[in-house]
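Here is a short briefing on one protein chain. Look over the sequence and the structure first, then read the points below.

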Amino acid sequence: MRKIGLLILLLTTYSEVFSQEVVPISKTDLESKIIDNNLQVKMAKKEAELAQAELLGTRAMYLPNVTASYTFTNTNNPLMAFGSKLNQARITAMDFNPDNLNNPKSISNFATKIEVQQPIINMDAVYQKKAGQVKVDALNIKTERTREYVQFELKKYYMMLQLAYKMLETLENAKQTTLANKKVIGNYYKNGMIQKSEVLYMDVRISEIESQIQTAKSNVKNASDYLYFLLDENSDNKVLKPTESLQYTEYIVESNLRVNDNRKDLQAYQKSLEAYDWMIKSSKAKFLPKLNAFGSFEMYDNKLAQFNANGYLAGIQLSWNVFDGLKSKSEQEKYKAERSKAETEIEQYTKQSQLELSKANRQIEDAQTKVSFTKQAWEQSKEAYRIRKNRYDQGLEKSADLLSAETLMSQKELEYEQAIFEYNTAWEYQKFLKQ
């Protein structure tokens with residue numbers, strides 16, 4: 001009956017505190033939720049999409065460039081006038097008269113022109129495309145690593161939510177125990193068996209517990225809101241409640257763990273080096289021959305929207321960049337320096353990751369020891385409280401001693417639950433670092 005009464009009290013408390021919809025959720029349900037709406041994942045995906053969009057620009061290495069123009073000119077420049085009339089196919093014998101050549105009348109020209117430039121071989125553009133593709137691959141891998149991190153954050157804050165609810169339950173238990181003791185002390189006081197100060201001690205303890213309960217309620221809402229934030233869901237008038245309680249499961253701790261070279265963030269870093277290699281090749285290829293085709297089709301007339309004369313031009317050009325003022329050489333040195341810097345950053349990041357993994361391993365061992373110690377301390381404090389309670393009921397203990405024992409018991413239970421949370425969090429973090 002006492003457990004049923006406590007359950008009813010807790011449900012009433014949750015209803016009063018939140019006045020919100022309580023949404024039960026299991027760890028399995030949380031892990032199965034699609035996290036593509038998470039803002040971090042969205043930003044990583046957008047970054048990859050931006051690189052993909054930039055990659056589309058490399059299609060110019062094999063697709064033609066086509067332009068069309070319609071131009072009007074009016075001139076009495078001898079050379080331009082004669083040329084325009086020639087393009088219009090209107091030259092007569094009179095046009096070769098020196099007076100007409102030297103002092104032509106102004107002539108209007110309407111020119112329609114379609115130009116085509118077709119790349120054939122441009123090795124620098126080929127290497128640029130390969131570098132762009134590698135960059136896209138690296139950012140896609142980075143997106144996957146971001147998803148893994150968000151999954152870890154979900155697990156961590158789900159456990160934090162479990163801890164908050166467990167602490168709230170523990171404090172509610174402590175409050176009920178203290179209220180029961182207060183009732184007994186109140187009767188003793190009415191009968192003149194104890195002093196007023198002992199009743200006041202109980203009032204102070206109840207106020208202290210109520211303050212802690214308020215903090216625990218805030219922790220519940222904070223953890224729930226953050227889980228909704230990670231899922232990019234609306235948390236208005238809603239609060240999550242885990243269907244499983246915080247549990248301690250002892251795992252076998254591996255020794256001498258090494259960072260997985262195939263971890264997605266390290267793969268992304270290696271891809272960046274590959275991209276630099278292609279950019280260096282692209283810079284060197286600027287001195288290789290380039291082969292491009294070109295052509296144009298032109299229509300001329302001295303009247304608007306008339307096309308009485310036309311002609312075409314087609315050709316192939318083989319060109320070399322013999323000297324560009326050391327611009328390409330400077331570009332090569334820049335990419336080489338950036339690649340060297342990236343190598344150093346990868347080495348630093350890998351070593352730092354190894355330190356984090358070793359640290360996480362030690363945190364698991366420390367938390368495991370803490371769980372064992374706090375559990376023993378909690379069991380001892382429960383037994384100490386039971387003994388003092390029996391002695392108090394027999395009039396052999398002061399109420400202050402009973403209150404001290406109850407406070408210690410509650411504190412040790414909270415420490416035990418905190419130790420379980422730290423252990424589970426350290427284990428999940430180690431799993432994330434090992435992926």
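Which residues does UniProt list for "coiled-coil region"? The unreviewed entry gives residues 332-377. Keep in mind that this model is predicted.

**The listed region**
- Over residues 332-377 the chain is 100% helix and 0% strand.

- Strands of a sheet pair through backbone hydrogen bonds, either parallel or antiparallel.
- Here, four strands form an open sheet in the order β2-β3-β5-β6. Their pairing is antiparallel.
- The edges are β2 (65-75) and β6 (309-319). Each has a single partner strand, so one side of each is left without a neighbour in the sheet.
- On average, neighbouring strands of this sheet are turned by 20 degrees against each other, direction ignored.
- Eleven bridges join β5 (residues 290-301) to β6 in the antiparallel sense.
- Phe297 has Tyr312 in β6 as its bridge partner.

**A helix on the sheet**
- Helix α4 (residues 78-87) packs on the sheet. The helix touches β2, β3 (107-121), β5 and β6.
- The direction of α4 makes about 75 degrees with that of β3.

**A residue in a loop**
- Ser26 sits in the loop between β1 (21-25) and α2 (27-32).
- Is Ser26 buried or exposed? Ser26 counts as buried, because its relative accessibility is 12% and the cut-off for buried is under 20%.
- Leaving out residues up to four places away in sequence, Ser26 touches Tyr158, Thr243 and Glu244.

Terms used
Residues numbered from 1 in each chain as written. Predicted model: local features only at pLDDT ≥ 70, side-chain atom pairs only at ≥ 80, totals over all residues. Heavy atoms only, no water. UniProt positions renumbered as here; feature names shortened; annotations may be inferred. Helix = DSSP H or I, 4+ residues; strand = E, 2+ residues; numbered from the N terminus. Buried < 20%, exposed > 50% of the residue type's maximum accessible area, 1.4 Å probe, protein only. Contact = heavy atoms within 4.5 Å. Pairing = 2+ DSSP bridges. Axes fitted to C-alpha atoms, helices over the stretch in contact; angles between N-to-C directions.
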